[in-house]
Amino acid sequence: MPKDITCENTEGHFSTFDLDYTPLKPGGITSLTVDIPTPSRIPNEPCPPPRWKTPEFIFYYVVALFAIPLMVWVPIHLSSPSHPNYPYYHHKLSSGWMFGREVDNSDIQYRSFRNNILSLSFLVLIFIALKYIYTRSALRSASIPSDKLYLIPFFLAFSALYLTGLHGTSIFKILFILTANYWIAKTSRGSRVGPLLAWIFNILILFANETYGGYRYASLHPSLEVLDVFRGIYPRWHISFNITMLRLVSFNMDYYWAYHSRTGEDLSSNSTEKQRANTPLPLEDYTYRNYIAYVLYPPLYIAGPILTFNNFMWQLRRPIDIPMRVQSRYLVRFLVSLLTMESILHYMYVVAIKDTKAWQGYTPLELSMIGFWNLIVVWLKLLLPWRFFRLWSLASGIDPPENMIRCVVNNYSTLGFWRSWHRSYNLWIVRYIYIPLGGAKNVAVTTVLVFSFVALWHDLSFHLLAWGWLISFFILPELLARYLLPQTTYGQFSWYRHVCAIGGVLNISMMVSANLVGFVIGTDGIMYMARQMTGTWQGFRFLLAASCIIFVGLQFMFEYREEEMRRGVYRRC
């Protein structure tokens, strides 16, 4: 089993979720690994020799050559116009552009991004062009500064125009909330009540946004009804405010810790992501102007990734170099992911089938593939906007964390999965919730509180709260297994890898079930699927076969991570 997940953390108050940083040295197949900071405490144990050409893995290749094409063919077959269930979901399909195929553009969340991607791309070009013009103008009459603080007025001006176009007159509501949050931070100063007030205020705002649908001016006073006329091209500002709320908490907490910090540490342009996030700024940097520029920073405003206030300001104070080569490679990754998503939506109508529950008469294999590919779609529909907006930010000179560092099907550890899925949010959770609540010292209670918050932050609904509790419960078997069978004691035995794979099969089954509940078919859908899987002999045979195939997939995951470590790439997921 790979050692990157099993190593314990001995670095003080940082949790087992935390990441440290050293340069990467990928090569070969590991060039596919997403380039992010890696743990600084490198395992000392030598890696075993490669298994790729052993008889064991040759057998695994044979299994994969059978299983993978079958997993692709099943949803394509179910999406054929000649299939008996096709009329039940046909109304959900739209005209496509791939080889005369229709496209399943029925997911509301992804459709809003897909339909506007050209407009967003044009907006990015305008932003970069205006930034270039502004920079040339700002530096024309002055010596070239060592920082980029001169960009803050540009960010503020563009944000004002950007939010006015997006949300219309609702920009005043947003600014009112932002100002109230800033007032709490500055009024509380270093008082311990400050963080508590900040959390209470922001959670109440989330509930109020959900309850009142973003508020109408007319409901405040009839004379203000005229302000409801211009609502912008995206009037539902309160939906994306969940992301904004994280920045508000980040500013208040970073300011509170800076107020109590006695160190005047400075950073260089070679500082790491972790150093920038954890190193307090001088108190004079926690100004209203910097705060608004950070919260409304255009590339990350809509969907993130999430950047802490400290990290944002340090990157302006001590600019980091983001080579064009890095940006170009990231653009290629985005385009490949986009083409992959388009191929799935044109050939696998799994979202439409799921939404209309058009799975009558499906075999357990077919039913499971609908769930599986829906999870792939969920992963891609989140990955694509995150990478698009991160690419915009990179082109603007600010490097936010990468959100997705593993493919959704390349995970076997529940803890590792949450390190690699929405990574910037995970880092935010660790810094502002997990560690302040005690972290690993109180892991059971902290985990339940963390995932309850995560669920309610996503959506104030029961099925997501159930998802949060399921995730918390499913982490416990992995923690118990690590305690009873630590890699440091049993890792040298040949059977250990296979026992870990069996545990991985159970982990994956539980994670798939939890995410189907939270993001795909809900509690009713998962109960229906469970009855189909366990209520018949056919379903039982499928579960047995699927478990064997997942076991084989886990061996590839293990070996891929071992190959990463052979080439100097270390992950904890």
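Visitor: Is Arg216 buried, partly exposed or exposed?

Guide: Arg216 counts as partly exposed, at 44% relative accessibility. Buried means under 20% relative accessible area, exposed over 50%, and partly exposed in between (1.4 Å probe, protein chains only). Keep in mind that this is a predicted model, where local features need pLDDT of at least 70 and side-chain atom pairs count only at pLDDT 80 or more, while totals for chains, interfaces and linings use all residues. Residues are numbered from 1 along each chain as its sequence is written, and side-chain values use heavy atoms, leaving out hydrogens and water.

Visitor: Which residue does Arg216 meet in a salt bridge?

Guide: A salt bridge is a side-chain nitrogen of Lys or Arg within 4 Å of a carboxyl oxygen of Asp or Glu. Here, Arg216 pairs with Asp228 at 4.0 Å, N to O. Asp228 is buried, with a relative accessible area of 9%.

Visitor: How many salt bridges does the structure hold?

Guide: There are 18. Another one joins Asp254 and Arg431, whose closest N and O atoms are 3.0 Å apart. Asp254 lies in helix H10 and Arg431 in helix H19 (residues 423-434), so this pair ties together parts 177 residues apart in sequence. Helices are DSSP runs (H or I, at least four residues), numbered from the N terminus. Asp254 is buried at 1% relative accessibility, and Arg431 is buried too, at 16%.

Visitor: Which residues are linked in a network of salt bridges?

Guide: Arg51, Glu559, Glu563, Arg566 and Arg567.

Methods: Helices (H or I, at least four residues) and strands (E, at least two) are DSSP runs, numbered from the N terminus.
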